[in-house]
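These are my notes from going through one model. I kept each entry to what I looked up.

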Amino acid sequence: MGIGSDGGGLAEFAVTKERLTVSRPAEVSAAEAAGLPIAGLTAHQALTQQAGIKLDGTGQQRNILITAASGGVGHYAVQLAKLGNTHVTATCGARNIDFVKSLGADEVLDYKTPDGAALKSPSGKKYDAVIHCARDIPWSTFEPNLSADGKVLDLTPGPGAILTFAIKKLTFSKKQLLPVLLSAKGENLDYLVKLVKEGKLKTVIDSKHSLSKAEDAWAKSIDGHATGKIIVEP
């Protein structure tokens, strides 16, 4: 299994660099592995490199918010964050609250409620880092919920996020919004595969689609309400 270096992974065969490939053990199914190269790695990078979470449980406890926590990246982020010394608050739709709790989240907010829309921690915690997997949440909603040097790690940055990032940099603000662009590494993919093999991380599959019906998978993804990963199989 590997990471497509130039996109185009929605195919029977894809070309990638050898350094971006790892062996898939028999204990990990092809469908389970398929979710890791982009969604799993994005969650891993945001947590370990940008948020500074140590996934061996060491380090000072950090308060983390994960938006859209029932989705492809979000459901990995919750599980990985709980391997570290973190308190995790998560947002999702009402139907997925129990699911997100089962992944390990300490607090779960329905994003359609007033407190959920305001991203307020039920226990009153301020967030040291936000793994932002959703869209269309303004900086003004995040800022009052951040700790003194809290960071919003935006995985789907639009023009507004880029502008906020620039302003916070120019004004030397301790509270920052940082766009996250995946820099894929084979060793990180290997780490995630081993976690799945050991039962410490799971790929939750929303649905499977044949390659000939890839448009159905794409439509479901665009709809934005998948629980876990949408898998396309040859």
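**Entry 1: S210**

I started at S210, which touches V232 and E233 when residues up to four places away in sequence are not counted; contact here means heavy atoms within 4.5 Å. The model is predicted, so I noted that local features need pLDDT of at least 70 and side-chain atom pairs count only at pLDDT 80 or more, while totals for chains, interfaces and linings use all residues. Residues are numbered from 1 along each chain as its sequence is written, and side-chain values use heavy atoms, with hydrogens and water left out.

I placed S210 in strand β7 (residues 205-210). For the assignments, helices (H or I, at least four residues) and strands (E, at least two) are DSSP runs, numbered from the N terminus. S210 is partly exposed, because its relative accessible area is 34%; the classes are buried under 20%, exposed over 50% and partly exposed in between, with a 1.4 Å probe and protein chains only. I also checked S210 against P159: they are 51 residues apart in sequence and 35 Å apart in space, C-alpha to C-alpha.

**Entry 2: the chain**

I listed nine helices and eight strands for the chain. The C-alpha atoms fill a box of roughly 45 × 35 × 35 Å along the principal axes. A compact globule with 234 residues would have a radius of gyration near 17 Å, and the chain agrees because its own value is 17 Å; the radius is taken over C-alpha atoms, and the globule rule is 2.2 Å times the number of residues to the power 0.38.

Of the 234 residues, 46% count as buried. The accessible surface comes to about 11800 Å², and carbon and sulfur atoms hold 52% of that; the areas are from the Shrake-Rupley method with a 1.4 Å probe, and for residues only the protein chains shown count as cover. Among contacts with a separation of 6 or more, 60% come from residues 24 or more positions apart.

**Entry 3: the sheet**

In what order do the six strands of the open sheet run? I read β3-β2-β1-β4-β5-β6, with parallel pairing; two strands pair if DSSP finds at least two bridges between them. The edge strands are β3 (107-110) and β6, each pairing on one side only. Neighbouring strands are turned by 20° against each other on average, direction ignored.

I then went through some of the pairs.

- Strand β2 (residues 86-92) and β3 share four bridges in the parallel sense, and C92 stands opposite D110 in β3.
- Strand β4 (residues 127-132) and strand β5 (residues 146-154) share five parallel bridges, with L146 in β5 as the bridge partner of Y127.
- β5 and strand β6 (residues 176-179) share four parallel bridges, and D154 stands opposite P179 in β6.

Helix α3 (residues 72-81) lies across β1 (62-66), β2 and β4, and runs at about 165° to β1. Axes are lines fitted to C-alpha atoms, for helices over the stretch in contact, and angles run from 0 to 180 degrees between N-to-C directions.

I checked the length of helix α8 (residues 186-197): its 12 residues should span 16 Å at 1.5 Å a residue, and the end C-alpha atoms are 17 Å apart, which agrees. The expected span is 1.5 Å times one less than the number of residues. The buried residues of α8 are G186, N188, L189, L192, V193, L195 and V196; their cover includes α2 (36-50) and α3. After α8 comes G199, with a positive phi near 80°.
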